[in-house]
Amino acid sequence: MILIDGKKAAAELRAELKQEVTELKAKHNKVPGLTVILIGDLTPSQIYVRNKEKSANEVGLKSEVIKYPDSVEEKAVLGKIKELNSDETVSGILVQLPLPKHIDKQKVIEAIDPSKDVDGFHPMNVGNLSSGYESSIPCTPLGCYLLIKKFQPNLNGKKAVVVGRSNLNGKPMTQLLLKENCTVTITHSKTKDLKAECLEADIIVAAVGIPELVRGDWVKKDAIVIDVGINKTDKGIVGDVHFDEVSKVAKALTPVPGGVGPMTIACLLKNTIDCFKRSQI
Ligand code: NAP
């Protein structure tokens with residue numbers, strides 16, 4: 001079994017992006033800028049945002065974090081987004097989720113100019129991705145896609161099973177695999193026989209949030225298995241795939257941690273740079 005090393009792939013991607021930022025700076029005399037809005041003091045969100053800022057600085061992006069207390073009014077956040085939409089130094093805007101209950105997540109997502117939507121959640125970008133047009137692609141599925149393509153560049157005709165149908169992961173993942181001419185089955189909590197579906201797959205992407213759901217006897221020999229899950233358990237952080245069992249049958253597997261996670265942040269930087277490049281045309 002080959003371990004798909006997301007940490008290494010993310011470091012390689014960041015090095016490429018750093019080089020690209022240097023070239024963009026020389027050409028345009030400015031660098032792409034990422035602005036993150038962080039509301040409240042949830043510890044995981046604070047850690048994610050700190051890591052995003054650190055990585056953005058590392059590749060040479062201009063990065064800014066705007067912090068609001070939990071009690072901030074929705075209209076203040078929407079007003080700030082409007083301001084950032086027309087700020088030429090801002091290439092990408094990200095509002096860290098989850099949001100406090102009194103703020104309408106969809107309203108916030110739709111307030112972001114689609115051309116600056118580095119999370120790829122705006123309905124315009126969702127539509128563009130499913131229509132096969134250029135768009136920002138949600139960072140986690142984009143990271144999974146790049147890991148799969150790095151391992152196996154030609155996916156023509158492969159049978160892929162995506163476990164989970166969230167807007168964040170499962171649905172965009174399905175679109176990316178379709179674009180590569182895979183035959184894709186998307187599964188969810190009402191799927192009748194998940195094991196039987198997985199056993200058909202050349203590629204499995206698990207994004208469910210159930211620790212070690214995908215077992216060794218669910219996986220075809222020589223399958224590529226991508227584990228998106230991050231689950232806190234008594235034995236520490238585990239994925240949605242039973243690593244010990246699946247590593248005995250799969251051709252390739254991502255570990256948790258050190259698989260998809262590091263690629264997510266690297267893809268956020270890639271999306272910011274891509275937004276900047278599209279704005280310069
Ligand atoms: P989510 O929004 O909760 O969606 C979970 C999906 O799994 C839903 O579509 C649900 O089906 C499906 N599901 C639930 N139980 C199932 C079952 N028994 N069999 C098959 N499908 C089932 O989760 P998410 O936001 O996509 O996140 C999934 C996992 O990825 C979580 O562990 C999360 O922490 C992790 N994650 C990791 C990263 C990263 O950077 N690595 C980023 C984001 C998320 P229904 O639609 O029918 O309810």
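How many salt bridges does the structure hold? The structure holds 15. A salt bridge is a side-chain nitrogen of Lys or Arg within 4 Å of a carboxyl oxygen of Asp or Glu. This is a predicted model, where local features need pLDDT of at least 70, side-chain atom pairs count only at pLDDT 80 or more, and totals for chains, interfaces and linings use all residues. Residues are numbered from 1 along each chain as its sequence is written, and side-chain values use heavy atoms, with hydrogens and water left out.

- E58 and R14 meet through their side chains in a salt bridge, at 3.2 Å from N to O. E58 sits in helix α2 (residues 43-58) and R14 in helix α1 (residues 6-28), 44 residues apart. Helices (H or I, at least four residues) and strands (E, at least two) are DSSP runs, numbered from the N terminus.
- E180 pairs with K149 in a salt bridge, and their closest N and O atoms are 2.9 Å apart. E180 lies in the loop between α7 (170-179) and β6 (183-187), K149 in helix α6 (residues 139-151), so the pair ties together parts 31 residues apart in sequence.
- R215 forms a salt bridge with E245, with 2.5 Å between the closest N and O atoms. R215 is in the loop between β7 (203-206) and β8 (224-227), and E245 is in helix α9 (residues 243-246), 30 residues apart.

**A linked network**

- Salt bridges also link E20, K270, D274 and K277 in a network.

**Exposure of the paired residues**

- E180 is buried, at 15% relative accessible area. Buried means under 20%, exposed over 50%, and partly exposed in between (1.4 Å probe, protein chains only).
- K149 is partly exposed at 24%.
- E58 is partly exposed at 40%.
- R215 is partly exposed at 34%, and E245 is partly exposed at 27%.

**Around the ligand**

- The ligand has 21 residues around it, and R165, S166, N169, S189 and T264 come nearest. A residue is near a molecule if one of its heavy atoms lies within 4 Å of it.
- The shell divides into nine nonpolar, eleven polar and one charged residue. Ala, Val, Leu, Ile, Met, Phe, Trp, Tyr, Cys and Pro count as nonpolar, Asp, Glu, Lys and Arg as charged, and the others, Gly among them, as polar.
- Helix α10 (residues 260-279) gives the most to this shell, with three residues.
- A polar side-chain atom of S166 lies 2.6 Å from a ligand oxygen atom. For R165, a polar side-chain atom is 2.7 Å from an oxygen atom of the ligand.

Conventions
A polar contact is a pair of N or O atoms within 3.5 Å; within protein, one must be able to donate a hydrogen and the other to accept it, and residues adjacent in sequence count only if both atoms are side-chain atoms.
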